[in-house]
Protein chains: 2
Amino acid sequence: MQNLLNTIKDQLETGKLNELSAMAADMHPADLAHAMESLTDQEKRDVFQALDPKTATEVVVELSEYSRDQVLEGLHPNKLAEIVDELPSDEATDIIAELPTDQAREVLSRLDEEDSDEVRALLIYDEDSAGGIMQLELVSILESQTASEAIEAIRIKREEVEDIHNLFVLDNQSRVVGMLPLSKLILADPLTRIRDIMEPCPLFIQADEDQEAVAHKFRRYDVVSAPVVDAKGRLMGRITIDDVMEIMQDEAQEDIARMAGISGEDEMFLSRDSFKMSRMRLPWLLVNLGGGLVSGWLLWHFKMRLADALFLLAFIPVIMAMAGNVGVQSATIVVRGFAVGQINMDNIRAILFKEIRVALIMGVVCGLTAGTVAFFWHHNPYLGLVVGLAMTSAISAASILGTLAPALFKLLNVDPAISSGPVVATLNDIMGLLIYFGISTIFYTLLVQ
Amino acid sequence: MQNLLNTIKDQLETGKLNELSAMAADMHPADLAHAMESLTDQEKRDVFQALDPKTATEVVVELSEYSRDQVLEGLHPNKLAEIVDELPSDEATDIIAELPTDQAREVLSRLDEEDSDEVRALLIYDEDSAGGIMQLELVSILESQTASEAIEAIRIKREEVEDIHNLFVLDNQSRVVGMLPLSKLILADPLTRIRDIMEPCPLFIQADEDQEAVAHKFRRYDVVSAPVVDAKGRLMGRITIDDVMEIMQDEAQEDIARMAGISGEDEMFLSRDSFKMSRMRLPWLLVNLGGGLVSGWLLWHFKMRLADALFLLAFIPVIMAMAGNVGVQSATIVVRGFAVGQINMDNIRAILFKEIRVALIMGVVCGLTAGTVAFFWHHNPYLGLVVGLAMTSAISAASILGTLAPALFKLLNVDPAISSGPVVATLNDIMGLLIYFGISTIFYTLLVQ
């Protein structure tokens, strides 16, 4: 891998672009694309320019979205049209959708009518919906036809359709009534009717379904391709498992990035532009900054009390850290539970009560520990009591907030994943401080006596 | 979905187990398994007991690992053997591997010799390795044979092998020399030699490869099944894409759980046992508790300084929060970069320098903001300077630690994912405080004049 990268860089530096092009044509396009991800943006463009049209087309679908944008930027519309023309409809649409309007129109006008109609038809769907990931290339067959007619249908479509694993079986109104795996077709007598050998279709996908729901269905039913149908059950397109793997990767990445307070997850590793990277990370940091200043203002407000009982100071960091952490744990469980379909609005109450029980157990353990440390450290039993009580309460409150926040965001149609990130952590810091100060105030006269 | 769940609960309560069994036999096993995940552990066992053997076998592979353990616990060895007997070799091995040694031996002794030999052969592999997920059921063909012989090979194996999409093509020493997609076989002339229609195999997997590496390869080459080979390239088994989807889900889940300081990610949503849940979450909380107490001890140590310049107090939470957060951002980027293969030991230096640049930009923005707030709030230009400098330094230091920690853990063969969790966050809190106190001390005489 490192060798390949060095070879490519060497060929670029010494201008041996013909050698580069010849080497690229002999490689698996996925390997070349993988190596390209480690180049600078300018190097990616130079390599891509050197590729012959066929290799360029194979490589472009393997690149990350970020690198694809880099290599296609400023490419001549003719060359772009040549690439788009060769791609399956879903990939073609993805590329056109990313282009500036003028460039997109240019490229569309250079495609043949059938291709440009297909792309236009797919462009209307949200890119995160089933319609946004489906392709129109597929093999379908009527249930009344025979096995040998099905094989003939494959022969006709084999140039156009990649990865045929199943045929979609239709009734005479184009409604999907079953699926036929090739392993079954290959063993069938040529005159058998399709309806006698087809299998029931375990899942139907609507064009407006969210891609995350599509991924759940694929995982649940263990299929490698599935039909997208309209409201009447008529076949519109198909989704294949390689797209679903990308979705799974992207959705997990998105959740993880949000947990860490990073937006724009696709560029998270690849962008070398420090200002762009800072813009992806600063917004959440500034939220945190605001939250931290509010905490500081609370401390300031409480300063006269602290001046007389300075030992209270020593337990502020631990209360804040614990509340923040428990809140993130609870939020993460609920967010992921929603994402994988184990938690829903029906069982969220039960989850909340479980969280409260768990928080009480953890709160008591941590509260006893911190309270005991406080007692032995400052030889003040009331300090032990205050710290222990505050810790237990702060942990319980943080866990309730951590559980309810994702549910609330979901109701508001905001991605719940942001609630395992900085926002809830900051709110929990502030809540933890308020609880600590509240309890200290109640016991104040005992504390300083 | 909710209706199905209510129906099942109702049938359990009123003891209509025959109805339950009949309904279950008519459903897609994946749907029943999905509904069962929302039941209590005892209800899961009751439903499972009511299923006929065939349905039980189909359902058991669809259950989560956690629920599967629940329903198989205490099942009679005969019934268990009946289920295991029907499963593909990889699933059978997974189940046997989870059983206590005595029970496993009992079940193995009840299988026929071929099945038990297969399971024993697979049991030697680490469950997270390619050997641990491969199955022995597959269809292979010699390159010298013909298309019609290949179809005959499928006919012989069709009962035993699920989901045949490709045949593995071997030379006369059992080495994998190619793959043959069924879509190509189905169109071939019956007398064509396999070597003339086979495709090169884009990937070979070694039995001891880590499952995460296997998932990368599947994603890169967009295949639905791949051969596992020994050191000489001889075919040992196959891995199919449904297993790879599970791996992807599990690996993302594991990273996310570790980021939130939760161990035992599979039980994260499903266990109703509050004590078990607390045990999964407490260890990291206690790490945090220790770290928080160290921060408190630092504050205590610095208390005399604070008593004379109490306004310093107000910026402690914001310095700690920002350092913690930036550290988590950097660690998350590096951890995920390792996981998806975009970051490796070769480019970690470049990543570190980029992180430092990004941290400096974010540090200056946040430092200026916080410094300005400090200046206007307390009308002390030196406070502004101290807060601004401390913020910039703490953010830069946190980002360096956040980048290096995952690389260090990787070198030590510890999962780098723990470094986006509580450990690094706590270290960053402490480092942030030390920086703040250090800078305050340098400027102390100016601050309090």
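1. A word on classes comes first: Asp, Glu, Lys and Arg count as charged, Ala, Val, Leu, Ile, Met, Phe, Trp, Tyr, Cys and Pro as nonpolar, and the others, Gly among them, as polar. The model is a predicted one.

2. The second largest cavity has a lining of nine charged, four polar and 11 nonpolar residues. Its space is about 340 Å³. Of the 24 lining residues, Met248(A), Gln249(A), Ala252(A), Met248(B) and Ala252(B) lie nearest the centre. Helix α16(A) supplies the largest share of this lining, six residues.

3. The search of the whole structure finds three cavities of 30 Å³ or more. The largest holds about 580 Å³, and 30 residues line this largest cavity, with Val328(A), Ala425(A), Gly324(B), Val328(B) and Ala425(B) nearest its centre. Helices α19 and α22 of chain A and α19 and α22 of chain B each give two or more residues to that lining. By class, the lining of the largest cavity has 16 nonpolar, 12 polar and two charged residues.

4. Between the chains, 105 residues of chain B contact 105 residues of chain A. The buried area is about 9,900 Å², with 69% from carbon and sulfur atoms. On the side of chain B, Leu187(B), Met245(B) and Arg281(B) lose the most area, together 7% of what that side buries.

5. How many salt bridges does the rule find across the interface of chain B and chain A? There are six. One salt bridge joins the side chains of Arg220(A) and Asp31(B), at 3.0 Å from N to O.

Key
Residues numbered from 1 in each chain as written. Chains lettered and ligands numbered in written order. Predicted model: local features only at pLDDT ≥ 70, side-chain atom pairs only at ≥ 80, totals over all residues. Heavy atoms only, no water. Contact = heavy atoms within 4.5 Å. Buried area = accessible area lost by both parts, 1.4 Å probe. Salt bridge = Lys/Arg side-chain N within 4 Å of Asp/Glu carboxyl O. 1 Å grid on protein atoms, 1.4 Å probe; cavity = no way out; pocket = protein on both sides within 12 Å on 5 of 7 lines; lining within 4 Å. Points joined across faces, edges and corners; volume = space filled by probe spheres on them. Helix = DSSP H or I, 4+ residues; strand = E, 2+ residues; numbered from the N terminus.
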